Amino acid sequence: MLGRSRSGTPSDLLAVGLGNPGAEYSRTRHNAGADAVELLASRCGEHLKRSKEQALVAEVRVDGRRLALAFPQTYMNDSGRSVVRLVRRFGIEDMSRLVVIHDELDLPLGTVRVKAGGGLAGHNGLRSIKAHLHTDEFTRVRIGIGKPPGGKEQGAEHVLKAPSRRDRTELDVSIEVAADAVECILEHGVSAAQNRFNG
């Protein structure tokens, strides 16, 4: 399915933060996952760098464990094209070791949840990853951004527009929590992270 050719050292965990490339999308709600990955890299004194997998990538160690971090540069709706190559590069065969961090309309702002596999909740980035990996068994860290105040038809504007200062402050806290959740998954596993972060 994914092939077995690997061009890099296996990682203990691959965390992929979803978003869109380019300054116009920076700090929007839709880039919350990418912001979390950048935060994880900065906590370890690293920066994401361009890679041949069409992503910005960093490899860090947290308490001796190898954590690969990536922000696909393919645009959200085509994230799977990059993720399938990242999975191969970092030797991820057990899909629970792939953690996708993404914004989630169905969760209120300020909420972070850890999920093992399951539905896609209409998220185009997740849909693309499933289409390329042929599985939805990857782990998710979901960052709540809340529903658009004007209803579903304003969903695109809601996710692609910069939030208010107040909402941004709350989102920044969630991004910190999401980064904590990834570190917890790396150290203790998905179930332990669910117990700690899913309330």
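1. Contact here means heavy atoms within 4.5 Å. Axes are lines fitted to C-alpha atoms, for helices over the stretch in contact, and angles run from 0 to 180 degrees between N-to-C directions. Helices (H or I, at least four residues) and strands (E, at least two) are DSSP runs, numbered from the N terminus. With those terms, helix H5 (residues 165–188) lies across strands S1 (13–17), S3 (55–62), S4 (65–72), S5, S6 and S7. Helix H5 runs at about 165° to S7.

2. A word on the basis. This is a predicted model, in which local features need pLDDT of at least 70 and side-chain atom pairs count only at pLDDT 80 or more, while totals for chains, interfaces and linings use all residues. Residues are numbered from 1 along each chain as its sequence is written, and side-chain values use heavy atoms, with hydrogens and water left out.

3. The sheet is open and has seven strands, ordered S2-S3-S4-S1-S5-S7-S6, with mixed pairing. Two strands count as paired if DSSP finds at least two bridges between them. Strands S2 (49–51) and S6 (112–116) stand at the edges with a single partner strand each, so one side of each has no neighbour in the sheet. From one strand to the next, the twist averages 30°.

4. Now strand S5. S5 (residues 98–104) pairs with S7 (residues 139–144) in the parallel sense, over six bridges. Valine 99 has threonine 139 as its bridge partner in S7, and glutamate 104 has glycine 144. S5 also pairs in the parallel sense with S1, over four bridges. There, glycine 17 stands opposite isoleucine 101 of S5. Seven of the seven residues of S5 are buried (under 20% relative accessible area, with exposed over 50% and partly exposed in between; 1.4 Å probe, protein chains only).

5. Beyond its neighbours within four places in sequence, valine 182 contacts Leu13, Ala15, Leu40, Leu67, Val99, Ile101 and Val141.

6. Helix H2 (residues 79–89) has eight of its eleven residues buried, so H2 is largely enclosed by the rest of the structure. Among the buried ones are Ser79, Gly80, Val84 and Arg89. The buried residues pack against S1, S2, S3, S4, S5 and helix H3 (124–133). Just after H2, glycine 91 takes a positive phi of about 65°.
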